[in-house]
Amino acid sequence: MNTLPPSKQALQGNLRRRRIETCPILYRPALARSFSPKCSARQRVKAMCLECLGFVRAEITACTAYACPLWLIRPYQEKRVSKPKAQP
């Protein structure tokens with residue numbers, strides 16, 4: 001639910017449209033979906049990370065913005081190899 005006054009909602013819509021139009025065509029649908037009220041938190045994080053790192057997916061894996069609140073939950077992380085459990 002948008003609690004902004006109508007004048008601010010129009011401005012917000014224009015800013016979002018401009019953001020979508022200026023991103024690479026491949027990522028426009030994902031970025032547009034991230035503004036939908038039905039979008040999951042995971043999809044929003046993915047869109048934010050992609051936008052932050054210039055829409056280069058490999059950069060998300062190598063992200064060094066450790067102070068970012070999304071860093072621990074960013075998509076495309078390298079798989080962690082767990083140690084095998086010792087047999088009793």
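I took a disulfide to be a pair of cysteine sulfur atoms within 2.5 Å, and a search of the whole structure on that basis found zero of them. C49 is in no disulfide, the nearest cysteine sulfur being that of C68 at 6.2 Å.

I kept in mind that this is a predicted model, in which local features need pLDDT of at least 70 and side-chain atom pairs count only at pLDDT 80 or more, while totals for chains, interfaces and linings use all residues. Residues are numbered from 1 along each chain as its sequence is written, and side-chain values use heavy atoms, with hydrogens and water left out.

I then looked up C63, whose sulfur is 6.4 Å from the closest cysteine sulfur, in C68, and therefore too far for a bond. For burial I used relative accessible area (buried under 20%, exposed over 50%, partly exposed in between; 1.4 Å probe, protein chains only). C49 counts as buried at 10%, and C63 counts as buried at 14%.

Next I turned to R74, which lies in the segment after helix 4 (57–61); helices here are DSSP runs of H or I, at least four residues, numbered from the N terminus. R74 counts as buried at 7% relative accessibility, and its side chain reaches the backbone oxygen of I60 at 3.1 Å. Leaving aside neighbours within four places in sequence, R74 is in contact (heavy atoms within 4.5 Å) with R42, V45, C49, I60, T61 and C63.

Last, I checked helix 3, where V45, A47, C49 and L50 are buried, under a cover that includes helix 2 (28–34) and helix 4. I noted that helix 3 is followed by G54, whose phi is positive, near 70°.

Note on methods:
Helix = DSSP H or I, 4+ residues; strand = E, 2+ residues; numbered from the N terminus. Polar contact = N/O pair within 3.5 Å; in protein donor to acceptor, adjacent residues only side chain to side chain.
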